[in-house]
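Morning, everyone. Let me put the model up, and then we'll go through its side-chain contacts.

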Amino acid sequence: TSIESGKALQSIVVHKDVVTCVAVASASSGALCGGIGLGGTGGAQDAASSRCRLVTGSRDCTIAVWEVKPNDPQAVSPRPLHLLFGHDDTVTCVALSLEQDLVISGSEDGTVILHELESGNYIRSIQTGYPVRHAASTTAGYILAYCQTPVNNVLITYSLSGKQLAFRETLENLNCFAFSEDGEVVLVGGQKGLITAYWLHS
């Protein structure tokens, strides 16, 4: 949809149910994805450093990875680069990292699944034990999952290998997340009106 006119520019149907989440990242523009600032590598721009990817998640339990060409009349490729599977319930959140070649997805089924962004290859599943509301990776190599149940709201940190490193109850519903540049700290905001910083490794 055009920001200036509000006119629909392109419509693509791939998912078989409601699209529940989207994330985008560009290696040349430092676009934000899942709370992570992805900056360019510097120097001359080439096809690799200017690539842009869009990831969508759906209630049909699938994730799609798309190529984005901002200067093309059809900015999003008509067919996804990859259609990813593995969740058994609604995909609630997606994030991606061009630098780490990662797609991170979370689901109502309590899993966080990692795939390779460019190849689409499955890496691993992490069982959190709770419905996942937010999941992302950091530049320091952590995976953060925010999980919410009627009686428990928790932040869980994992290594890229899937090992649990930290577990904490938040005692409030969280709405937004941002990571420090070094990927060691997460800032969260929630229903109490506070901004709280947590070390991710402890």
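I'll take the salt bridges, then the aromatic pairs.

First, the ground rules. This is a predicted model, so local features need pLDDT of at least 70, side-chain atom pairs count only at pLDDT 80 or more, and totals for chains, interfaces and linings use all residues. Residues are numbered from 1 along each chain as its sequence is written, and side-chain values use heavy atoms, with hydrogens and water left out.

Salt bridges, then. Side chains of opposite charge can pair when their charged atoms come close. Here the term means a side-chain nitrogen of Lys or Arg within 4 Å of a carboxyl oxygen of Asp or Glu. How many salt bridges does the structure hold? There are 3.

Take Arg59 and Asp17. Their closest N and O atoms are 2.9 Å apart. Arg59 sits in the loop between strands E4 (52-58) and E5 (63-67), and Asp17 in the segment before strand E1 (19-26), so this bridge ties together parts 42 residues apart in sequence. Strands, by the way, are DSSP runs of at least two residues, numbered from the N terminus.

Next, Glu118 and Arg53, at 3.2 Å, N to O. Glu118 is in the loop between strands E9 (111-116) and E10 (122-127), and Arg53 is in strand E4, so the parts they join are 65 residues apart in sequence. Is Arg53 buried or exposed? Buried, at 8% relative accessibility. Glu118 is partly exposed, at 32%. The cut-offs: buried is under 20% relative accessible area, exposed is over 50%, and partly exposed is in between, with a 1.4 Å probe and protein chains only.

Then Arg133 and Glu108, with closest N and O atoms 3.1 Å apart. Arg133 is in strand E11 (residues 132-137), Glu108 in the loop between strand E8 (102-107) and E9, so 25 residues of sequence separate the parts they tie. Arg133 is partly exposed at 29%, and Glu108 is partly exposed at 30%.

On to the rings. Rings of Phe, Tyr and Trp (its six-membered ring) pair if their centres lie within 6.5 Å; planes under 30 degrees apart are stacked, over 60 edge-to-face, the rest tilted. That rule gives 2 aromatic pairs.

Tyr130 and Phe167 are tilted, at 6.4 Å centre to centre and 40° between planes. Tyr130 lies in the loop between E10 and E11, Phe167 in strand E14 (residues 164-169), 37 residues apart.

Tyr146 and Phe177 have centres 5.4 Å apart and planes at 50°, so that pair is tilted. Tyr146 is in strand E12 (residues 142-148) and Phe177 in strand E15 (residues 174-179), so the pair links parts 31 residues apart in sequence. Both Tyr146 and Phe177 are buried.

Notes:
Helix = DSSP H or I, 4+ residues; strand = E, 2+ residues; numbered from the N terminus.
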